[in-house]
Amino acid sequence: MDIDIEEQDPLAVDPVDRDGRRMGDTEGDDDGNRKVGCCERFHHSISKWMLPEELHEQYRERANCCPPPIFIILISIGELAVFIYYAVWKPQKQWVTLGEGIWNSPLTYKSDRREEAWRFVSYMFVHAGVEHILGNLVMQLLLGIPLELVHKGFEVGMVYMAGVLAGSLASSIFDPHSALVGASGGVYALMGGYFMNAIVNFREMIPLLGVFRIGVIVIIVGTDVGFALYRRFLTHDVGLKVSFVAHIGGGVAGMTIGYVFFSAYNKKLLKDPRFWLCIVGYIVFLLFAVLFNIFLSPA
């Protein structure tokens, strides 16, 4: 029921709006009119971690879970399903490090089978052991779901797959005799894009949280690359010679293509010259890698 403004008590401590609510009573309200629900608090946290401050309100106004972060969830389920298949249905001595099953898999990238072009992408579904898949799944879910809520599945999917393909192509050039398994290329692409946004928008993304973000990424990357270098150079098991170059290739893809996608929130990418610069650079790299594998690869 509307309240006649002329009939309101002129001695009232707090003025009231046209709906009869006291304008001074904002405790527990997000805008003075209604209480903040769990969903709104969740989206508030997402905006604070994923976007610069000037975009927080814009995100919360349009925030919803439709469509849900289906891409990163489906990819994670697929990777887990393939790991379980090779760990359970294929005889393994241990789950910590899988053996013959994954090396004979039609999904694994192997230099002597590179004419089977799908292996340049399908290797992301195969993992070398429990720590390998757990590290990738935890990182891509913790980072990929919030990114997909903000930027939606198409953008996150493009960045992820660009990292996967860049990882295998970079490995085929710089470490051509090694096999390749794991989703690290895609995971590092997500981390690279997020890392660049945290660096570029350091002041706008709350400096203290920015230091925490960057520190966590550096620790995770350092630990994961350390394991990758160990698997590549220090283990004496021939079957474990897994290339680490996919981490670098995926990270570079993330810091270029991923940065452009994740920094262009609610903007048209086709009008952004950075987008075309990254796309042209990626295509040039792709063509060079294909020609290298056909004519120049020592493998």
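Residues are numbered from 1 along each chain as its sequence is written. Local features need pLDDT of at least 70 and side-chain atom pairs count only at pLDDT 80 or more, while totals for chains, interfaces and linings use all residues; side-chain values use heavy atoms, with hydrogens and water left out.

**Colour by confidence.** pLDDT is the predictor's confidence in each residue, from 0 to 100. The protein has a mean pLDDT of 80, and 77% of its residues reach 70 or more. Select residues 5-32: pLDDT stays under 50 there, and the model has 29 contacts beyond four places in sequence for this stretch, a contact being heavy atoms within 4.5 Å. Where pLDDT is low, the predicted coordinates should not be read in detail. Helices (H or I, at least four residues) and strands (E, at least two) are DSSP runs, numbered from the N terminus.

**Select α3 and α6.** Helix α3 covers residues 70-89, and helix α6 covers residues 130-174. Their axes are 7 Å apart and the packing angle is about 155°. Axes are lines fitted to C-alpha atoms, for helices over the stretch in contact, and angles run from 0 to 180 degrees between N-to-C directions. The two helices are therefore roughly antiparallel; the classes are under 35 degrees for roughly parallel, over 145 for roughly antiparallel, 65 to 115 for roughly perpendicular, and oblique for the rest. α3 passes α6 in a right-handed crossing. A crossing is left-handed if the near helix is turned anticlockwise from the far one by less than a right angle, and right-handed if clockwise. The contact residues divide into 15 nonpolar, five polar and two charged. Here Ala, Val, Leu, Ile, Met, Phe, Trp, Tyr, Cys and Pro count as nonpolar, Asp, Glu, Lys and Arg as charged, and the others, Gly among them, as polar.

**Stay on α6 and select K152.** K152 lies in helix α6. This residue is not a glycine, yet has a positive phi of about 70°. Most residues other than glycine have a negative phi.

The axes of α6 and helix α10 (residues 273-296) come within 10 Å and cross at roughly 40°, which makes α6 oblique to α10. This crossing is left-handed. On α6, show residues including M161, L165 and L169; on α10, residues including F285, F288 and F292. The contact has 13 nonpolar residues, two polar and no charged.

**Move to α7 and α9.** Helix α7 (residues 184-200) and helix α9 (residues 245-263) have axes 6 Å apart and pack at about 50°, so α7 is oblique to α9. α7 passes α9 in a right-handed crossing. The α7 side of the contact includes G185, G192 and G193, and the α9 side includes G250, G251, G254 and G258. By class there are ten nonpolar, eleven polar and no charged residues.

**Finish at Y109 and F120.** The structure holds seven aromatic pairs. Rings of Phe, Tyr and Trp (its six-membered ring) pair if their centres lie within 6.5 Å; planes under 30 degrees apart count as stacked, over 60 as edge-to-face and the rest as tilted. Y109 and F120 form a tilted pair, 4.9 Å centre to centre with 50° between the planes. Y109 sits in the loop between α4 (100-103) and α5, and F120 in helix α5, eleven residues apart.
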